[in-house]
Amino acid sequence: MGKVQKHWINDIVIPKMIPYLPKLDAGQPETALKMGGAAAEKGIVTVKGPQMKYLFYGKVMAGKPKKPIDKDLVYTTTHHKLAGPFWDTRLKEDKMEEMEDELFSYIKEIKK
């Protein structure tokens, strides 16, 4: 992965995604997101952790193996006001133009 792609993921997308992540205490899932960004391959950030799937989809998980049921999670917004499911999609809807502008500015700067 090149310099521009690393900048896009680690300096633009991840910092802007953090306010969309559910958070109860320090660390998770922000740490998992940052680790996913550091290990990104082909521009894909994978956020690992047993709780990440149900947090992402916003559904309560039950049974063995755990599967989503038709009950929505209730997210706390104490730490992150925008916390909720599908944080990547909501980030794109809310901030894609701003993020693209930041990336284009970065590209212009490194070309100088």
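How many residues lie between β1 and β2 in the hairpin that they form, and which residue in the turn has a positive phi?

**View 1. The hairpin of β1 and β2 in the predicted model.** Four residues lie between the two strands of this hairpin, and Gly-63 is the residue in the turn that has a positive phi, with a value of about 90°. Strand β1 covers residues 59–62 and strand β2 covers residues 67–72; the two run antiparallel and are joined by three bridges. Met-61 has Pro-68, a residue of β2, as its bridge partner.

**View 2. The largest pocket and its lining.** The volume of the largest pocket is about 450 Å³, and 19 residues line this pocket, with Val-13, Met-17, Gly-43, Val-45 and Asp-88 lying nearest its centre. By residue class, the lining of the largest pocket consists of 15 nonpolar residues, one polar residue and three charged residues.

**View 3. Helices that contribute to the lining of the largest pocket.** At least two residues of the lining come from each of the helices α1 (3–17), α3 (52–57) and α4 (87–111), and α4 gives the most, supplying six residues.

**View 4. Glu-100 in helix α4.** Glu-100 has a relative accessibility of 34% and therefore counts as partly exposed, since that class lies between the limits of under 20% for buried and over 50% for exposed. Although Glu-100 and Ile-12 are 88 residues apart in sequence, the C-alpha to C-alpha separation of Glu-100 and Ile-12 in space is 9.0 Å.

Methods: Residues numbered from 1 in each chain as written. Predicted model: local features only at pLDDT ≥ 70, side-chain atom pairs only at ≥ 80, totals over all residues. Heavy atoms only, no water. Pairing = 2+ DSSP bridges. 1 Å grid on protein atoms, 1.4 Å probe; cavity = no way out; pocket = protein on both sides within 12 Å on 5 of 7 lines; lining within 4 Å. Points joined across faces, edges and corners; volume = space filled by probe spheres on them. Nonpolar A, V, L, I, M, F, W, Y, C, P; charged D, E, K, R; others polar. Buried < 20%, exposed > 50% of the residue type's maximum accessible area, 1.4 Å probe, protein only.
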